Amino acid sequence: MSTIVINGKSYSGNNIVVTNGKVTIDGKDETPETKEINISVEGNIEKLKVDSCNVVSVTGAVTSVSTVSGKVKITGNVSGGVQTVSGNVDCGDVGGPINSVSGNIRNNSKEN
């Protein structure tokens, strides 16, 4: 199980879903009091599905990532796919499709 930090508060879990400003970790409501959402995951995580946040960063690997709006930074690899509508994606190797309607995609594994 990974450590998940949302706006400075730590949680544990494998799946994060943010929909309409509501944050759910492994099925439990963990919505912060503020409107601005910043998510940081330390370790590997299964699923990351976010409709809107400022920044999502993962120090580890991810199975799948889906965002509507927000910057995505992943230091590890993505075994599935990455999909975002608006926001830059910075990650390692991606095993599935990667799509961004409005944003840059940067593969940081090629820099080493």
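**Labels and their cut-offs**

Tutor: Valine 82 stands opposite isoleucine 98 in strand 11. This is a predicted model, in which local features need pLDDT of at least 70 and side-chain atom pairs count only at pLDDT 80 or more, while totals for chains, interfaces and linings use all residues. Residues are numbered from 1 along each chain as its sequence is written, and side-chain values use heavy atoms, with hydrogens and water left out.

Student: What makes strand 9 and strand 11 a pair?

Tutor: Two strands pair if DSSP finds at least two bridges between them. Strand 9 and strand 11 have four bridges, in the parallel sense, so they meet that definition. Strands themselves are DSSP runs (E, at least two residues), numbered from the N terminus.

Student: How is strand 8 joined to strand 9?

Tutor: Strand 8 (residues 62–74) and strand 9 (residues 82–86) run parallel and are joined by four bridges. Serine 69 stands opposite serine 86 in strand 9.

Student: Why is cysteine 91 called buried?

Tutor: Buried means under 20% relative accessible area, exposed over 50%, and partly exposed in between, with a 1.4 Å probe and protein chains only. Cysteine 91 has 1% relative accessibility, so it counts as buried. Cysteine 53, with a relative accessible area of 8%, is buried because that value is under 20%.

Student: Why is glutamate 30 called buried?

Tutor: Glutamate 30 has 16% relative accessibility, so it falls under the 20% limit and counts as buried. Glutamate 30 lies in the loop between strand 5 (28–29) and strand 6 (38–42). Leaving aside neighbours within four places in sequence, glutamate 30 is in contact (heavy atoms within 4.5 Å) with Tyr11, Val23 and Ile25.

Student: Is glycine 21 buried, exposed or partly exposed, and why?

Tutor: Glycine 21 has a relative accessible area of 38%, so it is partly exposed. Glycine 21 is found in the loop between strand 3 (15–19) and strand 4 (22–25). Not counting residues up to four places away in sequence, glycine 21 touches Thr31, Ile37 and Asp51.

Student: Why is valine 101 called exposed?

Tutor: Valine 101 has 69% relative accessibility, which is over 50%, so it counts as exposed. Valine 101 is found in strand 11 (residues 98–102).

Student: Where is aspartate 26 found, and what makes it partly exposed?

Tutor: Aspartate 26 is found in the loop between strand 4 and strand 5. The relative accessible area of aspartate 26 is 38%, so the label is partly exposed. Aspartate 26 has a positive phi of about 50° although it is not a glycine.
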